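Please examine the sequence and the model below. The paragraphs that follow lead through it step by step.

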Amino acid sequence: MIISLLKETGAMLDGHFLLSSGCHSDIYFQCARLLQYPDKARSVIAPIAERIRADIDSGILSIDAVVGPAIGGITAAYEMGRQLGVRAFWTERDDCGAMALRRGFEIDVGQNVLIMEDVVTTAKSSLETARVLESLGAKVTALACIVDRRSGERARPLPFHAFYAAVRIEAVNWNAEECPLCGKGLPLAKPGSRKQGKV
Ligand SMILES: [Zn+2]
């Protein structure tokens with residue numbers, strides 16, 4: 001169901017893409033295309049929110065706020081916060097490119113945070129966001145995302161108490177020189193960058 005929602009809204013594309021990591025892939029996600037529809041955003045995030053609520057109810061997890069790394073995490077975090085009944089805000093890059101809490105957003109010492117992403121590829125933005133929040137005394141208890149598209153990184157455990165994904169996609173990322181699609185001479189699309197969105 002989630003895959004078909006991603007496809008029908010153009011949030012999951014097949015082709016030949018340059019990722020922000022420099023790797024090439026045959027799948028590209030632009031979850032904002034799905035999240036622009038509030039009813040679809042609700043239905044794609046509801047199953048994850050349900051699992052998180054169950055863990056909160058059983059005492060495994062505690063969440064005071066949801067934080068999404070901008071830009072991809074903003075809408076996803078907002079909808080997750082709405083469903084969990086907690087506030088939601090975001091981290092974004094400052095003028096030097098470092099992830100930061102801006103706009104007067106605050107987190108109190110000891111508050112428990114869920115980081116919410118649209119797509120997790122390397123978890124780089126999530127880890128940077130966790131460092132920012134922890135430096136302010138918050139506890140980052142879990143990471144959630146709509147699409148988990150980690151490949152090689154999957155073997156490496158994430159430093160979060162819990163990790164939730166609506167869907168896991170086995171996407172292959174190739175180094176440019178080993179890319180079979182380049183070998184076939186297919187044109188390479190550059191649909192986004194880390195600054196513009198999430199690849
Ligand atoms: Zn290629």
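In this predicted model, glutamate 92 stands opposite alanine 100, a residue of strand β5. The pairing concerned is that of β5 with strand β4, which covers residues 87-93. These two strands run in the antiparallel sense and are joined over two bridges. In general, the strands of a sheet pair through backbone hydrogen bonds, and the pairing may be parallel or antiparallel.

The pair β4 and β5 belongs to an open sheet of six strands, whose order is β5-β4-β3-β6-β7-β8. The pairing within this sheet is mixed. Its edge strands are β5, at residues 99-100, and β8, at residues 162-168, and each of them pairs on one side only.

Two helices may now be placed against this sheet. Helix α3 packs on the sheet and touches β6 (112-120), β7 (139-148) and β8. The direction of α3 makes about 155° with that of β8. Helix α5, formed by residues 124-135, also packs on the sheet, where it touches β3 (65-69), β4, β5, β6 and β7. The direction of α5 makes about 160° with that of β6.

Helix α3 has a further partner. How is the packing of two helices described? For α3 (residues 38-57) and α4 (residues 72-84), the angle is about 55° and the axes are 9 Å apart. Because of this angle, α3 is oblique to α4. The crossing in which α3 passes α4 is right-handed. On the side of α3, the contact is made by Ala41, Arg42, Ile45, Ala46, Ala49, Ile52 and Arg53. On the side of α4, the contributing residues are Thr75, Ala76, Glu79, Met80, Gln83 and Leu84.

In the loop between β3 and α4 lies isoleucine 71. The peptide bond that joins alanine 70 to isoleucine 71 is cis, with omega about -5°. Arginine 103 belongs to the loop between β5 and β6. The phi angle of arginine 103 is near 60°, which is a positive value in a residue other than glycine. Alanine 123, located in the loop between β6 and α5, likewise has a positive phi in a residue other than glycine, here near 70°.

Are arginine 103 and alanine 123 buried or exposed? Arginine 103 has 9 other C-beta atoms within 10 Å and is therefore exposed. Alanine 123 has 22 C-beta neighbours inside 10 Å and therefore counts as buried.

A second sheet remains to be described. Three strands form this open sheet in the order β1-β2-β9, and their pairing is antiparallel. Strands β1 and β9 (173-174) stand at the edges with a single partner strand each, so one side of each has no neighbour in the sheet. Five bridges join β1 to β2, and aspartate 14 has isoleucine 27 of β2 as its bridge partner. Strands β2 and β9 pair over two bridges, again in the antiparallel sense. Serine 25 has asparagine 173 of β9 as its bridge partner.

Strands β1 and β2 form a hairpin with five residues between the strands, and glycine 22 in this hairpin takes a positive phi near 95°. Serine 21 lies in the loop between β1 (12-18) and β2. Since serine 21 has 14 C-beta neighbours inside 10 Å, it counts as partly exposed. Leaving aside neighbours within four places in sequence, serine 21 is in contact with Thr122 and Asn173. Serine 21 and isoleucine 169 are 148 residues apart in sequence, and their C-alpha atoms are 18 Å apart in space.

Within strand β2 (residues 24-29) lies aspartate 26. Aspartate 26 has 17 C-beta neighbours inside 10 Å and therefore counts as partly exposed. Which residues does aspartate 26 touch, not counting those up to four places away in sequence? They are Asp14, Gly15, His16, Val172 and Leu181. Aspartate 26 and glycine 183 are 157 residues apart along the chain, and their C-alpha atoms are separated by 13 Å.

Terms used. Residues are numbered from 1 along each chain as its sequence is written. This is a predicted model: local features need pLDDT of at least 70, side-chain atom pairs count only at pLDDT 80 or more; totals for chains, interfaces and linings use all residues. Axes are lines fitted to C-alpha atoms, for helices over the stretch in contact, and angles run from 0 to 180 degrees between N-to-C directions. Helices (H or I, at least four residues) and strands (E, at least two) are DSSP runs, numbered from the N terminus. Angles under 35 degrees count as roughly parallel, over 145 as roughly antiparallel, 65 to 115 as roughly perpendicular and the rest as oblique. A crossing is left-handed if the near helix is turned anticlockwise from the far one by less than a right angle, and right-handed if clockwise. Two residues are in contact if their C-beta atoms, placed from the backbone, lie within 7 Å. Two strands pair if DSSP finds at least two bridges between them. A residue is buried if 20 or more other C-beta atoms lie within 10 Å of its own, exposed if 12 or fewer, and partly exposed in between; C-beta atoms are placed from the backbone.
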